[in-house]
Amino acid sequence: MIDMNETQLKRSISLPVLFLYGLGTMVGGGFYALSGKVAGEAGMAAPLSFFIAGILAFLNVFTFSELASRYPVSAGEAKYVQEAFKSKWFSGIVGWLVILTGVVSAATLSVATIGFLQDLVSVPESIGIIILVVLMGLICAWGIGESVKVVLIITIIEVGALFYILFSKGENLSQIPDIITNINVHFTDGFPFIGVLAGAFLSFYAFIGFEDMVNMAEEVKNVKKTLPKAMIWAVISTTVLYVLISITMIVTVSPNELAIANAPLAKIIEKDGTLVTWFFIVISILTGLNGALVQIVMSSRVLYGLGKEKKAPQLFSVINKKTQTPIEATVFATAIVLVLALFFPLMGLAEATSFIILIVFTILNISLIWIKKQENETPKDIKIYPIWLPYLSLMACLGILFFKIFQ
């Protein structure tokens with residue numbers, strides 16, 4: 001009989017590594033694939049959409065930061081709800097919602113990656129998706145250290161590519177004063193408030209990932225201090241980068257052209273030559289791989305945590321002695337990703353991911369508020385934020401959800 005507790009997850013992740021890991025979960029395929037679609041929704045106001053989405057992510061990061069500091073475990077979201085409401089079935093539902101978010105997001109990025117690839121070579125979509133998803137599953141099963149190293153390498157490349165755009169096209173930013181002065185020319189039908197909010201909902205997908213960091217809690221060194229710092233700085237860095245790059249995009253290429261481009265970032269630099277354009281398409285492919293890989297890692301860790309809590313089959317809580325990873329949980333998550341990627345379209349998957357994760361965020365903000373209200377004294381040695389922060393975050397989540405429902 002297998003001893004479920006015989007082999008434990010290895011604490012091998014430091015603050016710089018976790019920060020880059022978190023950056024890699026956000027800066028990736030979501031932005032590379034959907035930035036043009038956001039420009040199509042919001043037009044010249046696309047940077048404002050990214051800024052609003054960044055504020056929404058920033059508000060929620062404090063909720064996740066405090067909850068992760070209080071309960072530093074895998075399958076964190078389910079644990080937080082359990083501690084708040086003492087309900088195993090409700091916490092189990094939240095855990096499965098998180099897993100659903102991860103696998104749907106991984107499927108989204110898998111489909112996007114094959115789309116990028118088809119700009120270079122003719123590949124049958126179904127065959128490409130099968131090979132891609134199986135390969136990512138094997139990497140995740142290989143080991144957390146190896147998975148994180150792959151993520152970090154791709155993160156450095158994809159962030160470097162964004163800085164290339166920023167500096168190579170930076171002279172175009174000089175057009176901003178003229179754009180502001182002649183703003184009525186750019187918004188002939190009035191300022192697109194609906195378009196900006198629609199763009200913010202869509203661009204929020206590009207921020208999804210920072211919440212995945214809490215599920216690495218059992219593998220982080222000095223987790224109660226390291227995790228909150230890494231999460232906050234990862235969200236701030238991503239927001240600044242997205243706003244700067246989106247400004248560069250709209251002053252270089254028209255929003256209408258960006259909206260119909262398969263690889264919008266490659267569109268921006270196409271005048272730099274064929275070699276540079278191909279290089280950016282390759283980077284876009286790597287970003288899709290990176291984001292999907294992170295989501296599969298996260299989903300398998302949540303499954304592992306739910307298995308330990310007996311809210312999922314205990315088979316998922318088994319840690320392989322050689323790789324020190326939950327292989328059964330990884331195989332299950334990979335299989336679900338494969339099915340979703342084969343049978344659902346890109347935009348439907350992206351919007352479903354954003355909607356589900358905002359529901360989870362709403363539940364977790366309510367959970368933190370309830371936990372704080374039930375306390376007789378403030379706990380020591382954990383990161384505590386003012387109670388108005390989860391209230392503000394809750395209102396922001398509900399606001400964007402209601403907008404999408406009644407749009």
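On a 1 Å grid over the protein atoms alone, a cavity is a set of points where a 1.4 Å probe fits but cannot get out, and lining residues have an atom within 4 Å of a point. In this predicted model, local features need pLDDT of at least 70 and side-chain atom pairs count only at pLDDT 80 or more, while totals for chains, interfaces and linings use all residues. Residues are numbered from 1 along each chain as its sequence is written, and side-chain values use heavy atoms, without hydrogens and water.

**Largest cavity**
- The lining of the largest cavity has 14 residues, and T25, G30, L109, Y205 and I208 lie nearest its centre.
- The largest cavity holds about 80 Å³ of space, a volume being the space filled by probe spheres set on grid points joined across faces, edges and corners.
- Helix α1 (15-26) gives the largest share of this lining, three residues, with helices being DSSP runs (H or I, at least four residues) numbered from the N terminus.

**Second largest pocket**
- A pocket is an open set of points with protein on both sides within 12 Å along at least five of seven lines.
- The second largest pocket has about 200 Å³ of space.
- Helix α11 (residues 223-252) gives the most to its lining, six residues.
- Residues lining this pocket include S69, N222, W233, D381 and Y385.
- Its lining divides into five nonpolar, two polar and five charged residues.

Technical notes
Helix = DSSP H or I, 4+ residues; strand = E, 2+ residues; numbered from the N terminus. Nonpolar A, V, L, I, M, F, W, Y, C, P; charged D, E, K, R; others polar.
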